Amino acid sequence: MTTSTRIESIDYTTAMNVSSTWDQVKLKDKDYVDRLGELIFERLFQLNPPAAAIFDMEGVENIKEHLSFKTHAPVIVDMVDCVVQFLGPNLDSLEDFLKDLGQRHISYGAKPEDLSSMGRATIFAVETILGADFTTEDADNWTRVFKYMTSVMAEGMRL
């Protein structure tokens, strides 16, 4: 996928929709960081059980109480927040950020194929928090953004 193809997939409408739904999540749940983190990790480990090892949470039943959760949940939510803030007409800064993020994830033991399950887990978490307020259009836009993110992060992992 070329940069121009990726940029075309994140148009103004997509960026505004994702930004708006992200703001709704923040407003809907005052503890959104913990709630999102918990939903993301639970879903991630269902979709990709080996990912638990990346986060040192293999066999953990109550992930919310685990030290690794308390460390990683805010970081993951902050990463999504950064990406949402970077969405706009010029994605060059976002691409640099994502390539660097992908490169750093190699040292954590992540592989390019792990990235899509994180995206699906995050979308699941946003949808769960928003409930009926999360539309099919919202899901399509979030999917578009995460496909973009994972493709750029995967490029960074191959550098």
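Helix H7 runs over residues 112–130 in this predicted model. It has 19 residues and reaches 28 Å from its first C-alpha to its last. That is close to the 27 Å expected at 1.5 Å a residue. Just after H7, Gly131 takes a positive phi of about 60 degrees.

**What H7 buries**

The buried residues of H7 are Asp114, Leu115, Ser117, Met118, Gly119, Ala121, Thr122, Ile123, Ala125, Val126, Ile129 and Leu130. What covers them includes helix H2 (12–28), helix H3 (32–47) and helix H4 (51–54). Helix H5 (67–86) and helix H8 (136–158) are also part of that cover.

**The nonpolar core**

The largest nonpolar core has 49 residues. Leu36, Phe41, Phe45, Leu98 and Trp142 touch the most other members. H2, H3, H4, H5, helix H6 (92–107), H7 and H8 each supply at least two residues of this core. H8 gives the largest share, nine residues.

Which residues does Leu36 contact, leaving aside its neighbours within four places in sequence? The partners are Trp22, Val25, Val77, Ala125, Val126 and Ile129. Of these, Ala125, Val126 and Ile129 are among the buried residues of H7.

**Salt bridges**

The structure holds seven salt bridges. Among them are these three.

| Pair | Closest N to O | Relative accessible area |
|---|---|---|
| Asp81 and Lys26 | 2.7 Å | Asp81 17%, Lys26 24% |

Asp81 forms a salt bridge with Lys26. The pair links distant parts of the chain: Asp81 is in helix H5 and Lys26 in helix H2, 55 residues apart. Is Asp81 buried or exposed? Asp81 is buried, because its relative accessible area of 17% is under the 20% cut-off. Lys26, at 24%, is partly exposed.

Conventions: Residues are numbered from 1 along each chain as its sequence is written. This is a predicted model: local features need pLDDT of at least 70, side-chain atom pairs count only at pLDDT 80 or more; totals for chains, interfaces and linings use all residues. Side-chain values use heavy atoms; hydrogens and water are left out. Helices (H or I, at least four residues) and strands (E, at least two) are DSSP runs, numbered from the N terminus. The expected span of a helix is 1.5 Å times one less than its number of residues. Buried means under 20% relative accessible area, exposed over 50%, partly exposed in between (1.4 Å probe, protein chains only). Contact means heavy atoms within 4.5 Å. A nonpolar core is a set of buried Ala, Val, Leu, Ile, Met, Phe, Trp, Tyr and Cys residues joined through side-chain atoms within 4.5 Å. A salt bridge is a side-chain nitrogen of Lys or Arg within 4 Å of a carboxyl oxygen of Asp or Glu.
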